[in-house]
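Q: Please go through this predicted model and say what each label rests on. I would like the value and the cut-off side by side.

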Amino acid sequence: KVSEKHYADTMRAFCAFLSTDIEGKQVLQHNGVRTILWLSEGVEPTHERVENELKAMDTKVDGVVHLEEWMNYIATTDPKTGVVYFDYDLKRKFDEYDVDSSGTIDKEELVNMFLDAFEDLIKKLVNENHKNDVKKLITDLSYSAM
């Protein structure tokens, strides 16, 4: 059983690729990857970002991104059910923290992600020293994770 949202998201990913694949060969080279990222996110990606994404998507290591590689790259697997689907909300959240649009989350961006995740808990602390201790702990944990 496929929900209407999952169907629409799957078709969106499929159509984004096909509309970017001008030659109809079901492969994207550097400029095609740049275009599909730009269309998907609404922001022109940097050259570094395109290179990083191209390397990550190109599982066949042939210098291009095939339709299957694109679909696998943007798919998410539900850990409970094993169902594969496309989660654009997750991608938007990632992009929110990837402030330099590099296609990766660096240490500072990870710190910001965790600080935002624990913002309500930190606000509940009355003692400023405790707030600072929690922020330092979050920063230290983020740095040690990288």
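A: A surface patch is made of residues with over 30% relative accessible area and no salt bridge, and like charges are joined within 9 Å. E48, D100, D106 and E108 form a patch of this kind, and the patch is negative.

Q: What makes the patch of E48, D100, D106 and E108 negative?
A: Asp and Glu count as negative, and the patch is formed by E48, D100, D106 and E108.

Q: Why is E48 called exposed?
A: Exposed means over 50% relative accessible area. E48 has 52%, so E48 is exposed. E48 is found in helix 3, which covers residues 47-57.

Q: What makes the contact of K25 and E23 a salt bridge?
A: The definition asks for a side-chain nitrogen of Lys or Arg within 4 Å of a carboxyl oxygen of Asp or Glu. The N to O distance for K25 and E23 is 3.5 Å, therefore the pair qualifies. Both residues, K25 and E23, are exposed.

Q: How many salt bridges does the structure hold?
A: There are 6 salt bridges in the structure. Among them is the one between E119 and K123, where the closest N and O atoms are 3.5 Å apart.

Q: How do you know how many helical turns separate E119 and K123?
A: E119 and K123 lie 4 residues apart in helix 7 (residues 119-124), which means that about one helical turn separates them.

Q: Why is E119 called partly exposed, and why is K123 called exposed?
A: Partly exposed lies between the buried limit of under 20% and the exposed limit of over 50%. E119 has 37% relative accessibility, so E119 is partly exposed. K123 has a relative accessible area of 55%, so K123 is exposed.

Q: Is K131, which forms a salt bridge with E128, buried or exposed?
A: Buried means under 20%. K131 is at 17% relative accessibility, so K131 counts as buried. E128, at 48%, counts as partly exposed. The closest N and O atoms of K131 and E128 are 3.5 Å apart. The two residues are 3 residues apart in helix 8 (residues 128-145), about one helical turn.

Q: What makes a set of residues a nonpolar core, and which residues touch the most other members of the largest one?
A: The members must be buried nonpolar residues joined through side-chain atoms within 4.5 Å. The largest nonpolar core has 16 residues, and V33, V65 and W70 touch the most other members. Helix 1 (4-20), helix 2 (30-41), helix 3 and helix 4 (67-74) each give two or more residues to this core. Helix 4 gives the most, with 4 residues.

Q: Why is G42 called exposed?
A: G42 has a relative accessible area of 59%, and exposed means over 50%, so G42 is exposed. G42 is placed in the loop between helix 2 and helix 3.

Conventions. Residues are numbered from 1 along each chain as its sequence is written. This is a predicted model: local features need pLDDT of at least 70, side-chain atom pairs count only at pLDDT 80 or more; totals for chains, interfaces and linings use all residues. Side-chain values use heavy atoms; hydrogens and water are left out. Patches are made of residues with over 30% relative accessible area and no salt bridge: like charges are joined within 9 Å, nonpolar side chains (Val, Leu, Ile, Met, Phe, Trp, Tyr) within 5 Å. Accessible areas come from the Shrake-Rupley method with a 1.4 Å probe; for residues, only the protein chains shown count as cover. The place of a charge is taken as NZ of Lys, CZ of Arg, CG of Asp or CD of Glu. Buried means under 20% relative accessible area, exposed over 50%, partly exposed in between (1.4 Å probe, protein chains only).
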